[in-house]
Amino acid sequence: MQRRLFYFLLSIVITAIVTAGLLVIRDQMEIATVALLYLLPVGTSAALGGLSPGILAALTAFFSLNYFFLPPYGTLMVHQSQDILVLIVFLVLAVSISQLVGRMTNSLATARARENETARLYELSLALSRLHREPDLLTNLAQQTLETFQAEQVEVFTEGEPQPGLIRLPEASSRGNSLSEQPTILVSMQGRQRLLGEIRLWRTGWTLSPSEERLLRTYASQGVLALERARLAANESRARILEESDRMKSALLSSVSHELRTPLATIKAAVTSLRSEDVAWEAEARRDLLAAIEEETDHLNQLVGNLLNMSRIEAGALQLNRRWNVLAEIAAPATKRARLAGPNHRIELDIPEDLPLVYVDDVLMEHVFNNLLSNSLKYSPSNSIIKITAGLQDEQNVWVQVDNQGPAVLEADLKKIFDKFHRVTAADQITGTGLGLSICKGIVEANQGSIWAENLEHGFAIRFTLPTQAEGVNPRIPNE
Amino acid sequence: MSNQPHILVIDDEHQILRALRTILTGRQFRVSIAATGEEGLALAAASQPDAIILDLSLPDMDGVTVCKRLREWTHTPIIVLSVRDSEQDKVQALDSGADDYLTKPFGIDELLARIRVALRHAAARGSANKRTVVTAGPLVIDLAQHLVRRDGEEVKLTATEFKLLAYLASNAGRVLTHLSILSHVWDPADADHVEYLRVFVHQLRKKLEDDPVQPRFILSEPGIGYRFMAGD
């Protein structure tokens, strides 16, 4: 609006200046020359301001010519018929020039506006195509709308999925209070199947021109496209995750049923033998069979415990009961158990006396030691040494290492061995669900520690850290 | 009547009931069985058993509630059974008056040991002259004289160390929860400071055990508490 007003004023001012200049040399000028010179402000106004300012300049020039330059001066009367002809010719000429030039200017402006619009749209679609997360998308859409339309405030509202969302820019809108409840314009974002949301735009002072409105609608439809694409992609990846977890579950099931059946087979065989009345078992044979039953029962129990832990870690439902603990006290029962299970290994527990207390769940950490020791027993040769050592890592952590003299693991596999079902050796060589290390990782990390694997010069080690502070505080111990 | 101890088993799994009845009867106990909490409570009131074995997961009511209701009128020892990984339930049951616990699956030797300890404590509670000297291997703990000897030599303990040892030893064989030890030896306000216990138990073990890392007398029950093992 203000721009148009400026051009109208300009056309009058230019005509006035030309009039003033001509008035000084009025007596030396032919009327035809004056009329010719008057075409100057008309052309200029039309070129600068377009059609309407041009016409205004033409009319102003027409009246000025008549009033100031055609005798009798100072009136709009014309005596000589020749002068009338000059006037008419001038008017026709001035109007046609301003029309021609004006149209050209107008179409140039339109072309520029179109180009600008196209550039903006390109920018928008480019920006949106790079984004994948819905909130990022919507924020970007709001930001671009805000800039392009020079708006006071823009809101992008989305329906459902899972909750309705609202992005408002500028975020902390201090001017928000002065804005009316109703937006200046509201454009809905219509998806293929249903309404996805709407763009609300506040702009004080001037309404949107039809071309701006059209552009805003295009913005909305670009937003819809991007949103639908993002949602489609999200659904697809969710489906992929489900599929993955399904695959994991069936792998778990097959691995587990195999693992469970092995001890069950031993137990069943031993029990049916003992019940059989055909054979009178020697005392020693009876003891062997019974020992096998007991061992396999413990084995089954540990398996079930691991499965339970795994499913809890998976579900994020691991219930932690973290307390101050003496690390050696946690490792000792596991060591004792491992010594019973692996009489052919030497198992050393070497934890310094003065190691600070660790803030962990002792029951779960015992599972970690059980799993690490049982792995060591499986993978290291008979008559070799398995060692548990520990020390101070830094002011907030201790390190713990469980190492054995088993074979080295490929560097590339050092990280992978903590994955579920990952086994270093072929599945049928060594029994196990491949869950042990991934459970250890889950438990150590839940206790705010970290765990990793290392190849030693002559063997293999799992190392982990455990915190010696609870929320940044050391334990307080009474003196007496 | 015979002087066979009478045991009430409350468990909803029939296999366990059948096995326990056979095994315990074979060990010269009289055995009653109940499959629900209500039935167990009624049977306990009617038959006044010498000890109760109570599974914590019952179909009709929470095992902890059964514990509390029993404790309203009887001191009969209660041994709770539960599966692994439910330490909280066990601690709750112990703090609600249960005497001991066993984790399923358990060996029958363990169960028999628990029953014996429970019966002995119940008998001790009834008699006037309580045991004032507890022996455990080379250790002789004189609760009345505040004296501890190891292989005949006196072991110097601080006041708190002795108080802790005395509480553990006078409950020899029984599990004591962290909460119960802390509020007994220190103060109920210190009941959640397990770190005190860790440090003082560690000190005691250094003075009393041959190998403090593989203790024989003061045993840790992970997630639950401690147990003092008396006898040889």
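Modeller: The sheet to look at is in chain A, where five strands form an open sheet with mixed pairing, in the order 6-8-9-11-10. This is a predicted model. At the edges of the sheet are strand 6 of chain A, residues 346–350, and strand 10 of chain A, residues 451–456. Each of these two pairs on one side only. Averaged over the sheet and with direction ignored, neighbouring strands are turned by 20° against each other.

Within the sheet, take strand 8 and strand 9 of chain A. Strand 8 covers residues 385–392 and strand 9 covers residues 397–404. The two run antiparallel and are joined by six bridges.

Helix 9 of chain A, residues 362–379, lies across strand 6, strand 8, strand 9 and strand 11 of chain A. Strand 11 spans residues 459–467, and helix 9 runs at about 25° to strand 9 of chain A.

Now the chain around the sheet. Chain A has 480 residues, of which 29% count as buried. Its secondary structure comprises 10 helices and 11 strands. Of the contacts in chain A with a separation of 6 or more, 68% are between residues 24 or more positions apart.

The model also holds chain B, with eight helices and 12 strands. Of its 232 residues, 39% count as buried. For chain B, 56% of the contacts between residues at least 6 apart in sequence join residues at least 24 apart.

Lastly, the place where the chains meet: 22 residues of chain A are in contact with 18 residues of chain B. On the chain B side, the elements that give two or more residues are helix 6 (159–170) and helix 8 (194–208) of chain B. Helix 8 of chain B supplies the largest share, six residues. By type, this side of chain B divides into seven nonpolar, six polar and five charged residues.

Methods
Residues are numbered from 1 along each chain as its sequence is written. Chains are lettered from A and ligands numbered from 1 in the order in which they are written. This is a predicted model: local features need pLDDT of at least 70, side-chain atom pairs count only at pLDDT 80 or more; totals for chains, interfaces and linings use all residues. Two residues are in contact if their C-beta atoms, placed from the backbone, lie within 7 Å. Helices (H or I, at least four residues) and strands (E, at least two) are DSSP runs, numbered from the N terminus. Ala, Val, Leu, Ile, Met, Phe, Trp, Tyr, Cys and Pro count as nonpolar, Asp, Glu, Lys and Arg as charged, and the others, Gly among them, as polar. A residue is buried if 20 or more other C-beta atoms lie within 10 Å of its own, exposed if 12 or fewer, and partly exposed in between; C-beta atoms are placed from the backbone. Two strands pair if DSSP finds at least two bridges between them. Axes are lines fitted to C-alpha atoms, for helices over the stretch in contact, and angles run from 0 to 180 degrees between N-to-C directions.
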